[in-house]
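Hello,

Here is the structure for you to look over. My notes come after it.

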Amino acid sequence: TNKKLLTCTPLHKVTVGMTPQPVSLTNKDTEEIIWTYDVQWAKSDVKWASRWDLYLKMTDSQIHWFSIINSTAIVLFLSAMLAMIMMRTLHRDFRRYNEIEDDEEAKREETGWKLVHTDVFRPPQFPTMLCVMVGTGYQLLGMAITTLFFAVLGFLSPANRGALMLALLLLFVFMGVFAGYGGTRLYMFFSLTNWISFTFWTAVTFPGICFTIFFILNMLVWGEKSTGAVPFSTLVTLIVLWFGISVPLVYLGSYFAFKRGRPKPVKPPTLFPKHIPEQAWYLSSLLSIFVGGILPFGACFIEIFFIMSSVWLHQFYYMFGFLFIVFVILVITCAEITIVMCYFQLCHEDYHWWWRAFLTAGSSAIYLFLYSIMYFCTKMQIVKTVSTMLFFGYMFLISLGFFLMTGTIGFVSTFYFVETIYSSIKTE
């Protein structure tokens, strides 16, 4: 076999269009092939700090402005509806409820939301699970806000993807104190006392789900003998961060919440619950939840497309200013749509608003996962089973985190809305 190099030498340089050198092996176990390549360096007048501009300016900013305008239109529509409720309907209700009514006909014309004032703060079913989800939502919300803040200031470069992932991981760990505090305050509001056990579930539920799915997916990558598999030492580091820092911080936040004492509802519930009238079909829980999730997703789906392209198609996402604006619009949209849906529900004397408030905004995560399926079918060219499982496994985790975060935004906004309107009326 001829092992003499015919290319990649000073006398025989590689040029475009050259015919590859044929290789013939008679004994594949003993003979070897020497692989070589040529590199030609060309001097550039572009400064080093501006080298990434060619890649970062590939995306047209007009589509991002369209996303902002689209999201703003949704917010204005919801704000107008909410303003109508607050300024017209509620103002009229307050005036009527706080006046002494002698006319029986006037009393019968009362709207329904005041009639459930003795039940509106009655604890829901599965209160511990709701508190765990709200506490985790606080943690994710704090992580998202802090990460966006540093990204907008330029501390997180799109060229260094590892720095962004490391920042998300560390911020999630350190935001555990907010999970413990926020979840425990709601837990005590429901007159529940076993806060130590509750704090443990808050600290391990969502991270445990994420670690389990991540470990299974990583085992599949190991089975393919891929260099992209996370080493065992990194998994040990994640466990140390989880139980060594995150769990103690969750307990610390829960301790501070417990020391503040139990928050009391503005209208304590009575011993016996009030009967809920039969509801119309358009007020059913499932319909309200699925309809409510459309607008929050519609407010941010364009930016979601660019983020998914950055994650799965190795493109660069650097417009963190646009992302921050869209995130603010998403928060406002989740709050307003949940408040509006909750008000309509209370007006029909249905006081089971706790879970519906969380699920109305959180249902936008369902549309996110459905959109990822469409993205997989139209943009991705994946044929291997393991790669498909990786895509949908990670998108499920992203959708789960999005569900907890948006659900918490809607729930907290509705909670303060309900507390505000019921603290403003006189009751016997």
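Below are the findings, grouped by topic. Please keep in mind that this is a predicted model.

**Aromatic pairs**

The structure holds 34 aromatic pairs. Two of them are described here.

Take Trp353 and Phe411. Their rings are stacked, at 6.2 Å centre to centre and with 20 degrees between the planes. This pair links distant parts of the chain, 58 residues apart. Trp353 sits in the loop between helix H12 (320-347) and helix H13 (354-362). Phe411 belongs to helix H15 (residues 385-422). Both Trp353 and Phe411 are buried.

Next, Phe376 and Phe391. The ring centres are 5.1 Å apart and the planes stand at 40 degrees, so this pair is tilted. Phe376 is in helix H14 (residues 364-378), while Phe391 is in helix H15, so the contact ties together parts that are 15 residues apart in sequence. Phe376 has a relative accessible area of 14% and is therefore buried, the cut-off being under 20%. Phe391 also counts as buried, at 0% relative accessibility.

Which residues make up the aromatic cluster that includes Trp353 and Phe411? The members are Phe121, Phe189, Phe190, Trp353, Trp354, Phe411, Phe415, Tyr416 and Tyr422. So the stacked Trp353 and Phe411 pair belongs to this cluster.

**Salt bridges**

How many salt bridges are there? The count comes to 2.

One joins Arg122 to Asp119. The closest N and O atoms of Arg122 and Asp119 are 2.6 Å apart. Both residues, Arg122 and Asp119, are buried.

The other joins Asp350 to Arg356, with the closest N and O atoms 3.5 Å apart. That falls within the 4 Å cut-off. Are these two partners buried or exposed? Asp350 counts as buried, at 8% relative accessibility. Arg356 is buried as well, with a relative accessible area of 9%.

**Cysteines**

A search of the whole structure finds 0 disulfides. A disulfide is a covalent bond between the sulfur atoms of two cysteines.

The cut-off for a disulfide is 2.5 Å.

Cys342 is buried, with a relative accessible area of 3%. Cys347 counts as partly exposed, at 22% relative accessibility.

**Nonpolar surface patch**

Finally, the surface. Phe215, Ile216, Met219, Trp222, Phe232, Val236 and Val240 make a nonpolar patch of about 650 Å².

Where does the patch come from? Helix H7 (195-223) and helix H8 (232-259) each supply at least two of its residues. H7 gives the largest share, 4 residues.

Ile216 is one of the patch residues and is found in helix H7. Its relative accessibility is 48%, so Ile216 counts as partly exposed.

**Places to look at in the viewer**

- Trp353 and Phe411, for the stacked rings.
- Phe376 and Phe391, for the tilted rings.
- Arg122 with Asp119, for the salt bridge at 2.6 Å.
- Ile216, for the nonpolar patch.

Best wishes

Key: Residues numbered from 1 in each chain as written. Predicted model: local features only at pLDDT ≥ 70, side-chain atom pairs only at ≥ 80, totals over all residues. Heavy atoms only, no water. Patch = residues over 30% accessible without salt bridge, like charges linked within 9 Å, V, L, I, M, F, W, Y side chains within 5 Å. Areas by Shrake-Rupley, 256 points an atom, 1.4 Å probe, with all protein chains shown as cover. Salt bridge = Lys/Arg side-chain N within 4 Å of Asp/Glu carboxyl O. Buried < 20%, exposed > 50% of the residue type's maximum accessible area, 1.4 Å probe, protein only. Phe/Tyr/Trp six-rings, centres within 6.5 Å; stacked < 30°, edge-to-face > 60°.
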